[in-house]
Amino acid sequence: MPSTEKRISEKRMTVVTRFAPSPTGFLHIGGARTALFNWLYARHHGGVFRLRIEDTDRKRSTDDAIQAIVDGLEWLGLDWDEETVFQSARSERHAEVARSLLGTGQAYYCYASQEELEEMRQTAKKEGRPMRYDGRWRDRDSSEAPQGVDPVIRLKAPQEGETEIVDQVQGTVRVANEQLDDMVLLRADGSPTYMLSVVVDDHDMGISHVIRGDDHLTNAFRQTLLYRAIGWEAPSFAHIPLIHGPDGAKMSKRHGALGVETYREMGFLPEALRNYLLRLGWGHGDDEVISTEQAIEWFDLNGVGRSAARFDFAKLSNLNGHYLREAEDQRLVDILCADFYGEVTPLGRKRLLAGMAGLKPRAKTMKELADLGQFYVSGRPLVFEEKAQKLISKGGADLIAAIAEALQKVENWNEDELEKSIRALSEQREMKLGAVAQPLRAALTGSSVSPGIFEVAAILGREESLGRLSDAQEQMQTFSISAD
RNA sequence: GUCCCCAUCGUCUAGCGGUCUAGGACAUCAGCCUUUCACGCUGAAGACACGGGUUCGAGUCCCGUUGGGGACACCA
């Protein structure tokens, strides 16, 4: 009723945002984006980004999940400020606020049973009314309370009028108070509900901006009512659209959402995921490739779109390929050895590093990069892919021998000399260069696809290259004689 | 069922009344490059959901329809 015209003056207060996941599973992609937006908003404004673990549901919360969330945020490079708040540790404070509301008449004890509540929902549904608690204990005296029933504390919410929130993304949204019921603040066992905890914690933590998923929009109304009842000023809300799966439905743990660690395992780089997530629902003109530094400078709530976006692996892969090409070779080698290969010898690492420039542009993910570079770290003899076997068989033992012979004569084992030698051989045999280069590639890499073969041979070195050539020669007989 | 939100190429989006014969990116297709595969470059195809208004003028504002999504716990 108070004309909500109260101007939220652009005060110079510090921006404090938070990411508040419940540790019931991994950090999924939607949560990661919410965290990213909060982080960017805080960093952009030189504010504070905090982490709060909403573990009030002790039955479903696990330490593993907390660890997964922390690991996920760290991997993504989203660092938070100040100490992490564990909601479960604050239940006494939450209960205290609920009780104080009892004192001011803004809340009341309710003794309704589960059965009664279920019945209310059924009737409401049947009568086409919103499914809500009917307020039967609103004005009843506790003296009427049934014996042996532990009551819950409910908020005495206004039943008429409407509640409005001015959302930074969704704009002004109002809902009739009739739609909102007297929500439970404190459970029968004395534990606080989510709605209460969130409001108290956000207030106590000094959160100025609540940026979260769209699915919380209706909660914002209830929370607004609570803020009002307590007499606190509500933070600024920004409800960002959800990420949908390729099928257009909300991504959830049940529905296609993967933990960030899975993206890591699939070979995506954190900076690529950050860039992709940023562009999912946020835009800055035609800019696509946006560095994190640039993102901090540009990020802004009014760049956030209002409609849900579908997750698209193809675009993420493309972006990943871009960042892969930009990445330092040494870093790539380190990731490969740590996450994708088993034991890698120092020599293998050296070759991998030397060959990285040629490998990089051919991969979109670290996984692909790992497969592509496998031949640099594998010991002899190589396992030959089917296509490689065919290439070698087709060329014939004679050709492999000729190649080996030609290479043996190369004095300076470098890319140029090697190329000259093979070109000469192909001319001499009146063959196209490819007809010679492909069998050579197959013998040196075990594959039909690789970086430039002379570069590969140069990096592998004379001894290794000739060794692989003779391996191919020896193993030829064992190749399934698939003429084609 | 009730309430809320959304609606531009297949996907992500630019567009904040005229400069839109609607731009970019990914994906797709064609070509160039080439020892393979990529990378890179060039080009092609491809969208304002529909219907009413408002206005000199609407992708841009309003209403409705349709379609999608979300929320309705002593879960968070």
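**View 1. An open sheet of three strands runs in the order β4-β5-β8, with antiparallel pairing.** Strands β4 (107–110) and β8 (184–186) stand at the edges, each with a single partner strand, so one side of each is left without a neighbour in the sheet. From one strand to the next, the twist averages 45 degrees, where axes are lines fitted to C-alpha atoms and angles run from 0 to 180 degrees between N-to-C directions. β4 and β5 are joined by four bridges in the antiparallel sense, and Tyr109 sits opposite Ile153 in β5. Two strands pair here if DSSP finds at least two bridges between them. Helices (H or I, at least four residues) and strands (E, at least two) are DSSP runs, numbered from the N terminus.

A note for all views: this is a predicted model, in which local features need pLDDT of at least 70 and side-chain atom pairs count only at pLDDT 80 or more, while totals for chains, interfaces and linings use all residues. Residues are numbered from 1 along each chain as its sequence is written, chains are lettered from A and ligands numbered from 1 in the order in which they are written, and side-chain values use heavy atoms, with hydrogens and water left out.

**View 2. A second open sheet of three strands has parallel pairing and the order β1-β2-β3.** Its edge strands are β1 and β3, each of which pairs on one side only. β1 (residues 16–19) and β2 pair in the parallel sense over four bridges. Two facing pairs to look for are Thr17 opposite Phe49 and Arg18 opposite Arg50. Between β1 and β2 the chain passes through helix α1 (residues 29–44), in a right-handed β-α-β crossover. Right-handed means that, with the strands pointing away from the viewer, the path from the first strand over the helix to the second runs clockwise. Now follow β2 to strand β3 (residues 85–86): these two pair in the parallel sense over two bridges, with Ile53 and Phe86 as bridge partners. β2, helix α2 (residues 63–76) and β3 also make a right-handed β-α-β unit.

**View 3. Strand β2 (residues 48–53) is mostly covered, with six of its six residues buried.** Buried means under 20% relative accessible area, exposed over 50%, and partly exposed in between (1.4 Å probe, protein chains only). Val48, Arg50 and Arg52 point one way from the strand, Phe49, Leu51 and Ile53 point the other way, and all are buried.

**View 4. Gln87 sits in the loop between β3 and α3 (91–103).** Its relative accessibility is 0%, so Gln87 counts as buried. The side chain of Gln87 makes a polar contact with the side chain of Asp201 at 2.8 Å. A polar contact is a pair of N or O atoms within 3.5 Å; within protein, one must be able to donate a hydrogen and the other to accept it, and residues adjacent in sequence count only if both atoms are side-chain atoms.

**View 5. RNA strand B is surrounded by 65 residues, the closest being Arg187, Thr218, Pro361, Arg362 and Arg441.** A residue is near the strand if one of its heavy atoms lies within 4 Å of it. Of the RNA atoms within 4 Å of the protein, 68% belong to sugar or phosphate and the rest to bases.

View 6. Among the elements giving two or more residues to the nearby surface are α4 (114–126), β7 (171–176), α10 (313–326) and α17 (453–460).

**View 7. A cis peptide bond joins Arg380 and Pro381, with omega about -10 degrees.** Pro381 is found in the loop between α13 (366–377) and α14 (386–408).
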